[in-house]
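My entries follow in the order of the look-ups.

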Amino acid sequence: MMARQRRRSRPVSEFLSGMDAQGCVGGVSLVDLVAEFGSPLYVYDGDAIRGQFRAYLAHGLPRELQLHFAMKANSNLAILRLLAAEGAGFDIVSGGELARVLQAGGDAAQVVFSGVAKSDAEMQAALAAGIGCFNVESAAELQCLAEVASAMGKVAPVALRVNPDVDAKTHPYISTGMRENKFGVALEDAPALYRWAAVQPSLRVVGVGCHIGSQIRSLAPFLQAADSVLTLADALVAEGIALGHVDLGGGLGIETADDFMALTPADLSRALLERVGERPLRLHLQPGRSLVGNAGLLLSQVVFRKSQSGRDFLMLDAAMNDYVRPALYQVRPSLVNVSRPYDGVSRMDVVGPVCESSDTFARDFPICGERGDVVVIPGTGAYGFSMASNYNSRPRPAEVLIEGGQARLIRRRETFADLWAQEVL
Ligand code: LLP
């Protein structure tokens with residue numbers, strides 16, 4: 001109740017990824033960025049990303065915590081390099097993500113490989129690179145990895161990703177730790193698989209892990225999952241199967257206009273470290289969204305406005321291909337027109353130019369705007385550009401990183417020629 005009241009009383013601008021009342025991030029004017037780099041444009045605040053990373057480590061306990069950034073949230077090389085310099089490892093889910101980490105200069109030994117269906121080629125590439133851990137999700141994968149590693153004369157470091165059957169109380173599309181989800185190995189099957197893995201010459205058991213979902217707002221599901229995984233770890237150790245780490249995944253939510261977050265990164269890491277307690281296990285986490293989500297904004301410009309059949313539409317140059325989360329998960333971003341103060345009365349449907357009604361960012365939203373105004377979609381640093389597509393043959397946006405008051409281009413805007421560069425006539 002308290003949280004709800006507090007949330008309602010906070011001005012929308014507080015949700016805006018460090019944007020001040022003048023429409024600046026880190027001292028850089030967003031309107032100027034659009035003038036320089038065009039729109040739509042993704043903008044990231046590097047200092048905010050570092051701040052979130054360090055917040056996880058500010059747990060105040062004399063224990064070590066290793067973070068592997070779930071790079072599916074944002075895989076731009078400059079962001080990966082920034083986080084690698086902070087000491088982050090990376091949680092990958094594909095051969096493409098591994099290639100990106102290596103291209104960014106990341107340390108393969110600090111890479112963990114999640115994913116339900118790793119191909120032989122992906123396993124081979126990860127073994128050749130010398131990654132830190134394969135998070136194995138099935139008996140079939142475990143056997144296949146043992147064979148692939150053996151054929152290469154390598155020993156694969158493995159952890160089982162178990163499915164602790166915990167309801168993360170989040171959107172069903174991003175809930176991953178329930179019995180009916182496709183992810184992980186059932187808890188009851190894990191001991192036999194560990195016994196098998198422990199005697200394979202091409203496998204080295206290094207840990208155990210889980211990941212229960214995304215945009216999680218409370219501590220309880222994390223603790224429930226931790227308890228299940230730690231109980232399993234204790235049983236394995238009692239059998240003589242030693243583990244080096246426990247990986248409790250990612251999933252911490254970020255604050256949005258609809259979701260007040262009382263749980264901070266430091267609260268989460270402290271609580272989980274306390275749960276691990278005196279066990280000789282290192283704690284690993286795989287945060288994605290919470291490191292970069294609120295450090296990113298999507299800037300767009302108003303193309304037109306129109307009124308018809310009793311509704312007012314504000315049409316942006318950004319669309320569902322640039323930022324798909326409203327269409328896919330029904331999130332409703334808290335938009336701000338940084339070119340014009342709100343008139344206090346207008347309510348508009350804010351839409352993009354793509355030919356689908358699902359290309360709608362907000363309905364009946366308190367905003368006004370005119371052609372050329374810059375509209376900010378905050379909270380888009382995670383699963384924004386990384387989920388962008390070329391639907392409707394729209395080139396994907398440019399990306400800019402602000403650090404120490406300076407903005408620099410970290411990905412140029414795609415051209416029309418980029419759209420068909422791989423095609424053959
Ligand atoms: N580790 C694993 C194994 C994962 O599958 C994920 C996310 C993470 C870590 C990071 O979770 P995070 O800290 O970002 O919540 N596209 C969706 C989110 C999908 C998340 C999938 N897995 C969205 O836009 O909401």
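Entry 1, cavities. I worked on a 1 Å grid over the protein atoms alone, where a cavity is a set of points that a 1.4 Å probe fits but cannot leave, and a pocket is an open set with protein on both sides within 12 Å along at least five of seven lines; lining residues have an atom within 4 Å of a point. Grid points are joined across faces, edges and corners, and a volume is the space filled by probe spheres set on the points. By this rule I count 3 cavities of 30 Å³ or more. The model is predicted, with pLDDT of at least 70 needed for local features and 80 or more for side-chain atom pairs, while totals for chains, interfaces and linings use all residues. Residues are numbered from 1 along each chain as its sequence is written, and side-chain values use heavy atoms, without hydrogens and water.

Which residues line the largest cavity? I find S114, N135, R161, G209, C210, H211, D247 and Q286. The volume of this largest cavity is about 50 Å³. For classes I take Ala, Val, Leu, Ile, Met, Phe, Trp, Tyr, Cys and Pro as nonpolar, Asp, Glu, Lys and Arg as charged, and the others, Gly among them, as polar. The lining of the largest cavity then has 1 nonpolar, 5 polar and 2 charged residues.

I read about 740 Å³ of space in the largest pocket. Its lining has 39 residues, with K72, V93, F183, H211 and Y383 nearest the centre. Two or more lining residues come from each of α5 (95–103), α11 (289–292) and α12 (325–329); helices (H or I, at least four residues) and strands (E, at least two) are DSSP runs, numbered from the N terminus. The largest share, 3 residues, is from α5. By class I note 14 nonpolar, 14 polar and 11 charged residues in the pocket lining.

I have domain 1 (19–44 + 294–417) and domain 2 (47–291), with bounds from an automatic or database domain assignment. Each of the two gives at least three residues to the lining of the largest pocket. Their C-alpha centres lie 32 Å apart. In contact (heavy atoms within 4.5 Å) are 23 residues of domain 1 and 21 residues of domain 2.

I find α4 (residues 77–86) packed with α5 at about 65°, the axes 9 Å apart. Axes are lines fitted to C-alpha atoms, for helices over the stretch in contact, and angles run from 0 to 180 degrees between N-to-C directions. The contact uses L77, L80 and R81 of α4 with R100, V101 and Q103 of α5.

The S39 to P40 peptide bond is cis, omega near -5°. I place P40 in the loop between α2 (30–37) and β3 (41–45). Q215, not a glycine, has a positive phi of about 55°. I place Q215 in the loop between β10 (203–209) and α9 (219–238).
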